[in-house]
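Visitor: Please show me the protein, and then let us go through it together.

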Amino acid sequence: MSGTDGRVADAGGIDELLERVRSGYRRIEPQDAHEAARTGEALLVDIRYAALRDRDGLVPGAVVVERNELEWRLDPRGSHRLPEATGRDLRVVVVCDEGYASSLAAESLHRLGLHRATDLIGGFQAWRAAGLPVLPPPV
């Protein structure tokens with residue numbers, strides 16, 4: 001929004017943005033995400049970039065989708081969607097490295113109509129710290 005002098009009004013910083021975004025949905029803890037994926041109730045989507053996956057490993061069963069492709073790959077009506085993108089009621093758990101970028105990604109999925117999208121609190125690092133399964137980095 002612009003002020004009367006033409007400058008953009010201060011919308012706050014990233015912390016305020018994250019707070020606003022996260023207030024729109026319920027985030028999920030690592031153990032709950034693991035159980036939801038294990039039972040087929042949720043699709044884990046790893047948006048970490050390749051260097052982090054190569055360094056730290058992979059979440060078993062997670063679909064890897066680079067962040068810049070996320071909306072195209074998960075839009076159930078999109079021509080570039082993943083086979084797993086079956087409908088707007090799909091429960092998606094977005095995983096990033098520490099749980100920040102995934103919040104913004106989940107909010108973007110909400111704007112696409114995926115109202116059950118959420119993100120993993122603490123990201124991959126919290127998943128690993130909880131002792132949940134991790135596959136070794138790809139060779």
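Guide: Start with a pair of charged side chains. Arginine 67 and glutamate 71 meet in a salt bridge, 2.9 Å from N to O. A salt bridge is a side-chain nitrogen of Lys or Arg within 4 Å of a carboxyl oxygen of Asp or Glu. This is a predicted model: local features need pLDDT of at least 70, side-chain atom pairs count only at pLDDT 80 or more, and totals for chains, interfaces and linings use all residues. Residues are numbered from 1 along each chain as its sequence is written, and side-chain values use heavy atoms, with hydrogens and water left out.

Visitor: Is glutamate 71 buried or exposed?
Guide: Buried means under 20% relative accessible area, exposed over 50%, and partly exposed in between (1.4 Å probe, protein chains only). The relative accessible area of glutamate 71 is 16%. Because that value is 16%, glutamate 71 is buried.

Visitor: Why does arginine 67 count as partly exposed?
Guide: Arginine 67 is the salt-bridge partner of glutamate 71. Arginine 67 is partly exposed because its relative accessible area is 29%.

Visitor: How many salt bridges does a search of the whole structure find?
Guide: One of them joins arginine 38 and glutamate 35, 2.6 Å from N to O. Another joins arginine 55 and aspartate 56, with the closest N and O atoms 2.7 Å apart. The search of the whole structure finds 9.

Visitor: Which helix holds both arginine 38 and glutamate 35?
Guide: Helices are DSSP runs of H or I with at least four residues, strands are runs of E with at least two, and both are numbered from the N terminus. Arginine 38 and glutamate 35 lie 3 residues apart, about one turn of the helix. Arginine 38 is exposed at 56%, while glutamate 35 is partly exposed at 34%. Their helix is α2, residues 30–38.

Visitor: Which residues are linked with Arg55 in a network of salt bridges?
Guide: Arginine 55 is exposed, at 52% relative accessibility. Aspartate 56 is buried, at 10%. The network links Arg55 with Asp56 and Arg128.

Visitor: Which residues of the largest nonpolar core touch the most other members?
Guide: A nonpolar core is a set of buried Ala, Val, Leu, Ile, Met, Phe, Trp, Tyr and Cys residues joined through side-chain atoms within 4.5 Å. This core has 17 residues. Those that touch the most other members are Val45, Ile47, Leu70, Leu74, Val92 and Leu109.

Visitor: Which elements give two or more residues to this core?
Guide: Helix α5 spans residues 101–111, and its buried residues include Ala105 and Leu109. Leucine 70 touches both Ala105 and Leu109. The elements that give two or more residues are β1 (43–46), α4, β3 and α5.

Visitor: What do the buried residues of α5 pack against?
Guide: Contact means heavy atoms within 4.5 Å. Ser102 and Ser103 are among the buried residues of α5. The buried residues pack against α1, α4 (70–74), β3 (92–95) and β4 (118–119).

Key. Lists of a residue's contacts leave out its neighbours within four places in sequence.
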